[in-house]
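Subject: Structure handover, with notes

Hi,

Here is the structure I promised to pass on to you. Have a look at it first, and then read my notes below.

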Amino acid sequence: MPDTPSSRCLIGRDTQLCMSLAGRPGNFGSRFHNHLYESLELDFVYKAFTTQDLRAAIGGIRALGIRGCGISMPFKEACIPLLDSLAPSAEAIASVNTIVNDGGHLRGHNTDYAAIAPLLARHGVPPETPFAARGSGGMAKAVVSALRDAGFRQGTVIARNEAAGRRLAESCGYRWQAEVTGAPLLLNITPIGMAGGPEAGELAFPEEVIAGARFVFDVVALPAETPLIRHARALGKTVITGAEVAVLQALEQFILYTGVTPGTEQVEAAARFARG
């Protein structure tokens with residue numbers, strides 16, 4: 001007798017759609033969310049998209065009743081004027097990575113911000129550790145703001161864009177500089193090392209700077225083992241990967257969209273599946 005799909009595997013008129021918008025879409029979010037939908041028997045489906053018309057894409061979320069949307073580079077700041085309100089996590093840093101649609105009201109959140117402090121604590125990074133953070137975009141706002149709010153007092157924002165770099169650094173009480181410098185905690189918050197990008201094979205920090213660090217944090221999630229992470233791991237540094245950020249922020253998105261909190265084992269299984 002042929003196998004027949006269970007009712008939870010069938011997409012119907014009541015199925016709720018969630019999605020993501022990114023300049024270079026990946027598979028992690030789709031695989032993570034859809035695995036949890038299936039394991040929890042939720043009538044949801046998740047699909048990744050890119051767009052050349054952000055206004056029309058955000059309008060489509062509202063018009064079609066799409067429940068939620070993950071937002072990645074380069075749309076985290078550009079989407080804000082198109083939304084109806086911001087949660088405190090997004091309003092405080094003027095950066096959105098999650099949109100929740102409640103009956104046509106689009107509210108922006110930032111679950112990247114919420115993931116940073118728990119990861120630093122999990123890996124034993126003391127708040128008194130001086131840091132050098134490279135980047136000044138939407139993700140950098142989330143990370144640097146989270147460092148400030150977690151009690152990190154000594155930091156430098158490294159950015160070639162002086163206006164954006166100074167603005168971010170001064171808003172959080174840190175220094176800005178254009179040239180790459182060292183610190184006990186290094187953070188790459190740029191696309192350097194991202195798969196498929198023009199700098200996929202490059203290190204975000206010089207080798208001598210990495211050698212002098214104690215902790216290395218790369219927010220690039222694809223691949224999880226970026227050139228920076230591989231090099232730092234080989235030197236015996238404590239590393240924090242973008243894949244870890246991706247799991248925590250995706251979990252918070254999942255809860256916002258569905259109202260359901262999965263168990264630890266379910267999250268770990270979804271993360272393994274998403275990375276596979």
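Predicted model: local features only at pLDDT ≥ 70, side-chain atom pairs only at ≥ 80, totals over all residues.

**The parallel strands**

Two strands count as paired if DSSP finds at least two bridges between them.

β11 covers residues 215-218. Three bridges join β11 to β12 (residues 238-240), and the two strands run parallel. Between them the chain passes through helix α8 (residues 227-234), in a β-α-β crossover that is right-handed; that is, with the strands pointing away from the viewer, the path from the first strand over the helix to the second runs clockwise.

β11 also pairs with β10 (residues 185-188), again in the parallel sense, over four bridges. In that pairing L186 stands opposite V216, and N188 has D218 as its bridge partner. Moving on from β10, you will find β7 (residues 131-134), which pairs with β10 in the parallel sense over four bridges; there F131 stands opposite L185.

Are the residues of β11 buried or exposed? F215 and F217 point one way, V216 and D218 the other way, and all are buried. For these labels, buried means under 20% relative accessible area, exposed over 50%, and partly exposed in between, using a 1.4 Å probe and protein chains only. β10 is covered on both faces too: L185 and L187 on one side, and L186 and N188 on the other, are all buried.

**The pockets**

Grid points are joined across faces, edges and corners, and the volume is the space filled by probe spheres set on the points.

The largest pocket has a volume of about 1000 Å³. It is lined by 42 residues, of which R24, G26, S72, A221 and L222 are the closest to its centre. Which element gives the most to this lining? That is α9, with seven residues. Among the other elements that supply at least two residues each are β1 (16-21), α1 (28-39) and α10 (264-275). The lining divides into 24 nonpolar, 14 polar and four charged residues. In this scheme Ala, Val, Leu, Ile, Met, Phe, Trp, Tyr, Cys and Pro are nonpolar, Asp, Glu, Lys and Arg are charged, and the others, Gly among them, are polar.

The second largest pocket has a volume of about 270 Å³. Its lining has 19 residues, with G135, S136, R160, T190 and P191 nearest its centre. Helix α5 (residues 138-149) provides the largest share, three residues. By class, the lining holds ten nonpolar, six polar and three charged residues.

**Backbone details to check**

There are cis peptide bonds to look at. One joins M73 and P74, with omega about 5°, and P74 is in the loop between β3 and β4. Another runs from L222 to P223, with omega near 0°; P223 lies in the loop between β11 and α8.

E41 has a positive phi of about 55° although it is not a glycine. E41 sits in the loop between α1 and β2, and counts as exposed because its relative accessibility is 56%. A94, also not a glycine, has a positive phi of about 50°. A94 is in the loop between α3 (88-91) and β5 (98-102), and its 33% relative accessibility is why it counts as partly exposed.

Best wishes

Note on methods:
Residues numbered from 1 in each chain as written. Heavy atoms only, no water. 1 Å grid on protein atoms, 1.4 Å probe; cavity = no way out; pocket = protein on both sides within 12 Å on 5 of 7 lines; lining within 4 Å.
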